[in-house]
Amino acid sequence: NILDFSRWDQFSGIFFRALCFAEVAPRGVKRKMSDIDFICHPVEVASIVHDILYNGDYPIIQIYNRVVAAAALHDVVEDTSYTLKDIDEIFGESICELVAEETENKRRKERPEDTWRIRKEEFLEKLSKAPDFARVITLADKLSNMRDMLIDYKELGNELWNKFNNKSKEDHAWYYKSVVEELGKPNKERNFIVSFELSETEEYKELRELVNDIFG
């Protein structure tokens with residue numbers, strides 16, 4: 001994907017600090033069984049969040065910056081040794097709260113394949129109660145994942161699922177369809193994106209189409 005940074009001149013330093021932190025924290029880590037650097041995913045997620053809020057003319061730039069910063073940091077706690085306490089101390093409570101909404105309890109002492117279902121069920125329950133800014137980050141995260149997944153699916157077919165801890169296509173279908181359904185519900189905060197529902201964005205429509213293309 002080609003990322004357009006031409007409209008990013010309104011960002012404050014907090015986003016760029018978050019992006020640098022996201023790059024340094026997991027240095028050397030690649031996406032699952034891929035040669036793609038880890039940092040490409042948080043950059044794309046931040047870019048998608050930026051576009052949704054930019055197109056929605058969200059009026060408060062300070063909040064806007066913090067949401068995009070949280071998008072850049074959304075995987076740090078799950079994938080590195082940094083904790084939510086670290087995020088709070090470095091970036092502040094409001095960013096930490098958004099990162100917490102995106103963070104699964106990994107249960108690191110157990111095998112990931114044994115905890116996959118309960119982790120996804122917990123995330124869906126959290127998403128059902130999440131504030132709208134967290135829902136935007138979730139949309140961006142899943143859209144980025146599905147874009148990558150479609151590329152691999154075209155190349156590998158059903159062998160794709162062997163890349164994951166859970167190798168059941170049916171389980172992945174249940175999860176992503178559940179996310180699409182939840183994100184399609186009305187915004188919870190009426191002063192959130194003043195011009196449209198999240199479900200009306202092009203990003204949501206793309207996510208729904210990609211999920212349908214892969215899972216039917």
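Visitor: What am I looking at, and how are residues numbered?
Guide: This is a predicted model, where local features need pLDDT of at least 70, side-chain atom pairs count only at pLDDT 80 or more, and totals for chains, interfaces and linings use all residues. Residues are numbered from 1 along each chain as its sequence is written, and side-chain values use heavy atoms, with hydrogens and water left out.

Visitor: How many helices and strands?
Guide: The protein has 10 helices and 0 strands. Helices are DSSP runs (H or I) of at least four residues, strands (E) of at least two, numbered from the N terminus.

Visitor: What share of the residues is buried?
Guide: Of the 216 residues, 49% count as buried. Buried means under 20% relative accessible area, exposed over 50%, partly exposed in between (1.4 Å probe, protein chains only).

Visitor: And contacts between residues 24 or more positions apart?
Guide: Those make up 73% of the contacts with a separation of 6 or more. A contact means heavy atoms within 4.5 Å.

Visitor: Switching topic. How many salt bridges?
Guide: The whole structure has 16. The criterion is a side-chain nitrogen of Lys or Arg within 4 Å of a carboxyl oxygen of Asp or Glu.

Visitor: Is the arginine 135 and aspartate 132 pair buried or exposed?
Guide: Arginine 135 is buried at 0% relative accessibility. Aspartate 132 is buried too, also at 0%. Their salt bridge has an N to O distance of 3.3 Å.

Visitor: What about glutamate 202 and lysine 205?
Guide: Their side chains form a salt bridge at 3.8 Å, N to O. Glutamate 202 is exposed at 58%, while lysine 205 is partly exposed at 35%.

Visitor: Which residues are linked in a network of salt bridges?
Guide: Glu44, Arg147 and Glu206 are linked that way.

Visitor: Now the threonine. Where is threonine 80?
Guide: Threonine 80 is in the loop between helix H4 (76-79) and helix H5 (84-91). Its relative accessible area is 13%, so threonine 80 is buried.

Visitor: What does its side chain reach?
Guide: The side chain of threonine 80 reaches the backbone nitrogen of tyrosine 82 at 3.1 Å. A polar atom of that side chain also lies 2.7 Å from the backbone oxygen of valine 76.

How values were computed. A polar contact is a pair of N or O atoms within 3.5 Å; within protein, one must be able to donate a hydrogen and the other to accept it, and residues adjacent in sequence count only if both atoms are side-chain atoms.
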